[in-house]
Amino acid sequence: MSDIADKIELIKQQLPLGVNLVAVSKYHPVEMLQQAYDAGQRIFGENHVQELVAKAPHLPGDVQWHMIGHLQTNKVRMLMPHVSMIQSIDSVKLLRTVEKEAARIDRVVDVLLQLHVARETTKTGFATGELLSVLSVGELNDLPHVRIRGLMAMATNTDDQIQIEREFQLVSDTFRLIKEEFFSAHDEFDQISMGMSDDWQLAVKHGATLVRVGSAIFGPRQY
Ligand SMILES: *Cc1c(COP(=O)(O)O)cnc(C)c1O
(Lines give C-alpha, C1' and ligand atoms only; values in the text may rest on other atoms or scores of the structure.)
Protein backbone atom coordinates (compact mmCIF):
# COMPACT_ATOMS: atom_id res chain seq x y z
CA MET A 1 0.00 0.00 0.00
CA SER A 2 1.26 3.45 -0.83
CA ASP A 3 1.63 6.21 1.67
CA ILE A 4 -1.25 8.02 -0.04
CA ALA A 5 -3.45 4.94 0.22
CA ASP A 6 -2.69 4.65 3.96
CA LYS A 7 -3.58 8.26 4.59
CA ILE A 8 -6.86 8.00 2.68
CA GLU A 9 -7.76 4.81 4.51
CA LEU A 10 -7.05 6.40 7.88
CA ILE A 11 -9.29 9.39 7.16
CA LYS A 12 -12.11 7.29 5.71
CA GLN A 13 -12.13 5.06 8.79
CA GLN A 14 -12.95 8.12 10.87
CA LEU A 15 -15.74 9.47 8.66
CA PRO A 16 -19.28 8.71 9.77
CA LEU A 17 -21.65 7.13 7.25
CA GLY A 18 -22.86 9.76 4.78
CA VAL A 19 -19.72 11.90 5.03
CA ASN A 20 -17.53 11.82 1.95
CA LEU A 21 -13.90 12.69 1.37
CA VAL A 22 -12.90 15.14 -1.36
CA ALA A 23 -9.19 14.61 -2.07
CA VAL A 24 -7.86 18.07 -2.86
CA SER A 25 -5.25 17.41 -5.50
CA LYS A 26 -4.30 20.93 -6.63
CA TYR A 27 -0.63 21.30 -7.54
CA HIS A 28 -0.08 17.54 -7.32
CA PRO A 29 0.86 15.45 -10.35
CA VAL A 30 -1.55 12.95 -11.90
CA GLU A 31 0.62 10.03 -10.71
CA MET A 32 -0.31 10.89 -7.15
CA LEU A 33 -3.98 11.21 -8.05
CA GLN A 34 -3.78 7.77 -9.67
CA GLN A 35 -2.43 6.32 -6.40
CA ALA A 36 -5.39 7.83 -4.59
CA TYR A 37 -7.72 6.44 -7.25
CA ASP A 38 -6.19 2.98 -6.85
CA ALA A 39 -6.89 3.26 -3.14
CA GLY A 40 -10.59 3.72 -3.96
CA GLN A 41 -10.76 7.52 -3.94
CA ARG A 42 -13.22 8.86 -6.50
CA ILE A 43 -13.89 12.51 -5.60
CA PHE A 44 -11.09 14.96 -6.39
CA GLY A 45 -11.12 18.70 -5.73
CA GLU A 46 -9.22 21.26 -7.79
CA ASN A 47 -8.93 25.03 -7.46
CA HIS A 48 -8.07 26.04 -10.99
CA VAL A 49 -10.05 25.32 -14.14
CA GLN A 50 -7.01 24.81 -16.35
CA GLU A 51 -5.48 22.32 -13.96
CA LEU A 52 -8.71 20.33 -13.58
CA VAL A 53 -9.25 20.23 -17.34
CA ALA A 54 -5.64 19.17 -17.95
CA LYS A 55 -5.77 16.35 -15.40
CA ALA A 56 -9.21 14.92 -16.19
CA PRO A 57 -8.23 12.97 -19.35
CA HIS A 58 -5.41 11.24 -17.45
CA LEU A 59 -7.67 9.64 -14.86
CA PRO A 60 -10.46 7.08 -15.26
CA GLY A 61 -13.87 8.33 -16.35
CA ASP A 62 -15.60 7.55 -13.07
CA VAL A 63 -13.67 10.25 -11.18
CA GLN A 64 -15.96 12.98 -9.85
CA TRP A 65 -14.20 16.32 -10.26
CA HIS A 66 -15.21 19.05 -7.84
CA MET A 67 -14.33 22.66 -8.54
CA ILE A 68 -13.53 24.23 -5.16
CA GLY A 69 -11.67 27.43 -6.07
CA HIS A 70 -12.93 30.84 -7.10
CA LEU A 71 -14.43 30.50 -10.58
CA GLN A 72 -14.50 33.22 -13.20
CA THR A 73 -17.49 33.32 -15.52
CA ASN A 74 -15.29 33.19 -18.62
CA LYS A 75 -13.89 29.78 -17.54
CA VAL A 76 -17.22 28.06 -16.99
CA ARG A 77 -17.58 26.84 -20.58
CA MET A 78 -14.22 25.09 -20.49
CA LEU A 79 -14.98 23.49 -17.14
CA MET A 80 -18.49 22.27 -17.85
CA PRO A 81 -17.78 19.00 -19.73
CA HIS A 82 -15.51 17.74 -16.93
CA VAL A 83 -16.94 18.90 -13.63
CA SER A 84 -19.26 16.89 -11.41
CA MET A 85 -19.89 19.54 -8.76
CA ILE A 86 -19.05 23.25 -8.54
CA GLN A 87 -18.66 23.96 -4.82
CA SER A 88 -17.62 27.57 -5.16
CA ILE A 89 -20.71 29.44 -6.39
CA ASP A 90 -20.19 32.90 -4.90
CA SER A 91 -22.48 35.13 -6.98
CA VAL A 92 -25.81 35.09 -8.78
CA LYS A 93 -24.03 36.07 -11.98
CA LEU A 94 -21.78 33.01 -11.76
CA LEU A 95 -24.73 30.70 -11.13
CA ARG A 96 -26.56 32.11 -14.15
CA THR A 97 -23.51 31.51 -16.30
CA VAL A 98 -23.29 27.95 -14.99
CA GLU A 99 -26.96 27.45 -15.89
CA LYS A 100 -26.40 28.79 -19.40
CA GLU A 101 -23.31 26.67 -20.07
CA ALA A 102 -24.85 23.51 -18.63
CA ALA A 103 -27.90 24.04 -20.85
CA ARG A 104 -25.63 24.57 -23.84
CA ILE A 105 -24.25 21.03 -23.53
CA ASP A 106 -27.56 19.62 -22.30
CA ARG A 107 -26.53 18.53 -18.84
CA VAL A 108 -27.43 19.20 -15.22
CA VAL A 109 -24.63 20.12 -12.84
CA ASP A 110 -24.51 19.91 -9.04
CA VAL A 111 -23.50 23.08 -7.21
CA LEU A 112 -22.96 24.34 -3.68
CA LEU A 113 -23.48 27.92 -2.60
CA GLN A 114 -20.35 29.25 -0.93
CA LEU A 115 -20.99 30.99 2.36
CA HIS A 116 -18.52 33.54 3.68
CA VAL A 117 -18.00 32.96 7.39
CA ALA A 118 -14.25 33.50 7.81
CA ARG A 119 -12.71 36.63 9.22
CA GLU A 120 -10.47 37.13 6.20
CA THR A 121 -12.07 39.51 3.71
CA THR A 122 -9.96 37.94 0.94
CA LYS A 123 -12.09 34.79 1.05
CA THR A 124 -15.04 34.73 -1.33
CA GLY A 125 -18.64 33.67 -0.87
CA PHE A 126 -22.06 35.07 -0.08
CA ALA A 127 -22.52 36.83 3.24
CA THR A 128 -25.29 35.08 5.16
CA GLY A 129 -27.73 37.99 4.88
CA GLU A 130 -26.98 38.40 1.20
CA LEU A 131 -27.66 34.72 0.51
CA LEU A 132 -30.95 34.83 2.42
CA SER A 133 -32.12 37.85 0.46
CA VAL A 134 -31.08 36.38 -2.88
CA LEU A 135 -33.08 33.25 -2.02
CA SER A 136 -36.06 35.26 -0.72
CA VAL A 137 -36.53 37.18 -3.93
CA GLY A 138 -36.29 33.96 -5.92
CA GLU A 139 -33.15 34.86 -7.84
CA LEU A 140 -31.93 31.26 -7.70
CA ASN A 141 -35.21 29.76 -8.90
CA ASP A 142 -35.87 28.50 -12.41
CA LEU A 143 -32.41 27.22 -13.18
CA PRO A 144 -33.27 23.81 -14.64
CA HIS A 145 -29.68 22.82 -15.43
CA VAL A 146 -28.29 23.31 -11.94
CA ARG A 147 -29.05 21.26 -8.86
CA ILE A 148 -28.36 23.24 -5.73
CA ARG A 149 -27.05 20.60 -3.33
CA GLY A 150 -26.15 22.69 -0.28
CA LEU A 151 -23.49 24.97 1.16
CA MET A 152 -19.71 25.19 1.10
CA ALA A 153 -17.55 27.22 3.46
CA MET A 154 -13.99 27.83 4.59
CA ALA A 155 -13.17 28.65 8.19
CA THR A 156 -10.76 31.38 9.22
CA ASN A 157 -7.13 30.35 8.97
CA THR A 158 -6.37 30.37 12.69
CA ASP A 159 -5.16 28.12 15.51
CA ASP A 160 -8.16 29.20 17.57
CA GLN A 161 -10.25 26.04 17.59
CA ILE A 162 -13.14 27.76 19.34
CA GLN A 163 -13.35 30.29 16.51
CA ILE A 164 -13.24 27.53 13.89
CA GLU A 165 -15.94 25.54 15.66
CA ARG A 166 -18.09 28.64 15.96
CA GLU A 167 -17.81 29.21 12.20
CA PHE A 168 -18.61 25.59 11.36
CA GLN A 169 -21.65 25.70 13.63
CA LEU A 170 -22.77 28.92 11.94
CA VAL A 171 -22.60 27.16 8.56
CA SER A 172 -24.64 24.25 9.92
CA ASP A 173 -27.25 26.55 11.43
CA THR A 174 -27.49 28.53 8.19
CA PHE A 175 -27.84 25.31 6.21
CA ARG A 176 -30.73 24.20 8.42
CA LEU A 177 -32.44 27.59 8.16
CA ILE A 178 -32.11 27.69 4.37
CA LYS A 179 -33.26 24.10 4.08
CA GLU A 180 -36.41 24.83 6.07
CA GLU A 181 -37.20 28.12 4.40
CA PHE A 182 -36.36 27.43 0.78
CA PHE A 183 -35.52 23.77 0.13
CA SER A 184 -37.87 21.77 2.35
CA ALA A 185 -39.32 20.06 -0.72
CA HIS A 186 -35.85 19.43 -2.19
CA ASP A 187 -34.31 16.21 -0.89
CA GLU A 188 -31.22 16.91 -2.95
CA PHE A 189 -30.34 19.92 -0.79
CA ASP A 190 -28.36 17.77 1.62
CA GLN A 191 -24.67 18.69 1.51
CA ILE A 192 -22.40 20.78 3.73
CA SER A 193 -18.81 21.02 2.49
CA MET A 194 -16.39 22.24 5.15
CA GLY A 195 -13.17 21.20 6.86
CA MET A 196 -9.64 20.86 5.47
CA SER A 197 -6.48 18.99 6.58
CA ASP A 198 -6.19 20.71 9.96
CA ASP A 199 -9.84 20.91 10.93
CA TRP A 200 -11.89 18.27 9.14
CA GLN A 201 -12.64 16.42 12.41
CA LEU A 202 -14.15 19.61 13.83
CA ALA A 203 -16.15 20.08 10.64
CA VAL A 204 -17.58 16.57 10.90
CA LYS A 205 -18.53 17.23 14.52
CA HIS A 206 -20.56 20.21 13.28
CA GLY A 207 -22.35 18.46 10.45
CA ALA A 208 -20.08 18.41 7.38
CA THR A 209 -21.06 15.88 4.72
CA LEU A 210 -18.06 16.62 2.49
CA VAL A 211 -14.57 17.27 3.86
CA ARG A 212 -11.91 18.70 1.54
CA VAL A 213 -8.51 17.32 2.46
CA GLY A 214 -5.33 18.08 0.51
CA SER A 215 -1.97 18.22 2.28
CA ALA A 216 -2.88 15.57 4.88
CA ILE A 217 -3.17 13.11 1.97
CA PHE A 218 -0.70 14.32 -0.64
CA GLY A 219 1.82 16.19 1.51
CA PRO A 220 3.03 19.73 0.83
CA ARG A 221 1.86 21.07 -2.52
CA GLN A 222 4.24 20.61 -5.44
CA TYR A 223 5.10 22.80 -8.45
C1 LIG B 1 -6.52 23.89 -0.83
C2 LIG B 1 -7.93 23.82 -0.37
C3 LIG B 1 -8.35 22.81 0.50
C4 LIG B 1 -7.43 21.78 1.10
O5 LIG B 1 -6.47 22.36 1.93
P6 LIG B 1 -5.45 21.46 2.80
O7 LIG B 1 -5.10 22.35 3.93
O8 LIG B 1 -4.32 21.16 1.90
O9 LIG B 1 -6.18 20.26 3.22
C10 LIG B 1 -9.70 22.77 0.84
N11 LIG B 1 -10.57 23.67 0.35
C12 LIG B 1 -10.20 24.65 -0.48
C13 LIG B 1 -11.23 25.61 -0.99
C14 LIG B 1 -8.86 24.77 -0.86
O15 LIG B 1 -8.50 25.77 -1.66
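Helices (H or I, at least four residues) and strands (E, at least two) are DSSP runs, numbered from the N terminus. The model is predicted: local features need pLDDT of at least 70, side-chain atom pairs count only at pLDDT 80 or more, and totals for chains, interfaces and linings use all residues. Residues are numbered from 1 along each chain as its sequence is written, and side-chain values use heavy atoms, with hydrogens and water left out.

Helix H2 spans residues 30–38. Its buried residues are Met32, Leu33, Ala36 and Tyr37. These residues lie on the same side of H2, because they cover an arc of only 150 degrees around the axis. The arc is that of the directions from the helix axis to the C-beta atoms. Buried means under 20% relative accessible area, exposed over 50%, and partly exposed in between (1.4 Å probe, protein chains only). Glu31 and Asp38 are exposed, on the face of H2 turned away from its buried side.

The buried residues of H2 pack against helix H1 (3–14), strand E2 (43–46), helix H3 (49–55), strand E3 (64–67) and helix H9 (215–218). Contact here means heavy atoms within 4.5 Å. Just after H2, glycine 40 takes a positive phi of about 100 degrees.

Most residues other than glycine have a negative phi. Tyrosine 27 has a positive phi, near 65 degrees. This tyrosine 27 sits in the loop between strand E1 (20–24) and H2. Tyrosine 27 is partly exposed, at a relative accessible area of 29%. Aspartate 142 also has a positive phi, about 55 degrees. The loop between helix H6 (128–136) and strand E6 (146–154) holds aspartate 142. Aspartate 142 is exposed, with a relative accessible area of 73%.
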